Amino acid sequence: QSGGAEGLQRKQWGTVMTCAVRFLGEYGNVMVADPSQRSRLLPATEEEEEALAVPSIHANPRLMRLLSTLQALAMPRLQQELTRECVLALATIAFRSNQEVRLVVKDTLQAILAGAPHCPSSTSRRDLDALILPILAILQHLQGVSQSLQGLLSGATGDHALLSFLDHHEGLKALISLYCQLQEEQKFKLFGKASRPVLERAFKQKYSRP
């Protein structure tokens, strides 16, 4: 009977932890923001055009601790439900943040994969790959599109590159929406304020054609 009670207690504790991790993923960007820079962690809409995160992730130790905590919770025993929620929380934070945060989250997810063979696990490596690898692919795609944005901002590229950036931007938003909700999705800018003039030019060119 005591064994059954302990099992129930562990299950209840697991449920609490899972809900807590889910909450951190959904609201972590806002929770770790300095009050004076809180808007800079929110999505960039036409009404809110600040950068998607603080100027440097290393200037925000609370954000670094949050990412480290999620990584630690995912790795010790790799319990399936908790691991899944930690990975999805990390993905949500990355998708709603700037490229610097995304790169740190990418490294964190790769570390979880690398640590998996050394941990007793109720989550198979195949399941873990199926969960993490698509997220890493999106983060890699975001990194590539971010680099192409620099050329567009300098004006060194032509119309094809402009329209390609728009297509990638909207396609990535559609993929990300499978993992988390983007605030005011139609106005959400994956690369923050800097990308607004490029997106406006691209929309104008694409939809003003006869």
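The questions below run from the whole chain to single residues.

Colleague: How many helices and strands does the secondary structure of the chain come to?
Modeller: The model is a predicted one. Read along the sequence, its pattern is α-α-α-α-α-α-α. The count is therefore seven helices and zero strands.

Colleague: What percentage of the contacts with a separation of 6 or more comes from residues 24 or more positions apart?
Modeller: The chain has 210 residues, and 41% of them are buried. For contacts with a separation of 6 or more, the share from residues 24 or more positions apart is 68%.

Colleague: Which residues does Ile132 contact, leaving aside neighbours within four places in sequence?
Modeller: With neighbours within four places left aside, its contacts are Val87, Leu109, Ile112 and Leu113.

Colleague: Is α3 roughly parallel or antiparallel to α4?
Modeller: Two packed helices are described by the angle between their axes and the distance between the axes. For α3 and α4 the angle is about 160° and the axes are 8 Å apart. Angles over 145 degrees count as roughly antiparallel. Therefore α3 is, relative to α4, roughly antiparallel.

Colleague: How many nonpolar, polar and charged residues are in the contact of α3 with α4?
Modeller: The crossing of α3 past α4 is left-handed. From α3 the contact takes Val87, Leu90, Ile93, Ala94 and Phe95, and from α4 it takes Val101, Arg102, Val105, Thr108, Leu109 and Ile112. Sorted by class, these are nine nonpolar, one polar and one charged.

Colleague: Is Gln80 buried, partly exposed or exposed?
Modeller: Gln80 lies in helix α3. Buried means under 20% relative accessible area and exposed means over 50%. Gln80 has a relative accessible area of 44%, so it is partly exposed.

Colleague: What is the C-alpha to C-alpha distance between Gln80 and Ser124?
Modeller: In sequence, Gln80 and Ser124 are 44 residues apart. In space, C-alpha to C-alpha, Gln80 and Ser124 are apart by 8.5 Å.

Terms used. Residues numbered from 1 in each chain as written. Predicted model: local features only at pLDDT ≥ 70, side-chain atom pairs only at ≥ 80, totals over all residues. Heavy atoms only, no water. Contact = heavy atoms within 4.5 Å. Axes fitted to C-alpha atoms, helices over the stretch in contact; angles between N-to-C directions. Helix = DSSP H or I, 4+ residues; strand = E, 2+ residues; numbered from the N terminus. Parallel < 35°, antiparallel > 145°, perpendicular 65-115°, else oblique. Left-handed = near helix turned anticlockwise from the far one by under 90°. Nonpolar A, V, L, I, M, F, W, Y, C, P; charged D, E, K, R; others polar. Buried < 20%, exposed > 50% of the residue type's maximum accessible area, 1.4 Å probe, protein only.
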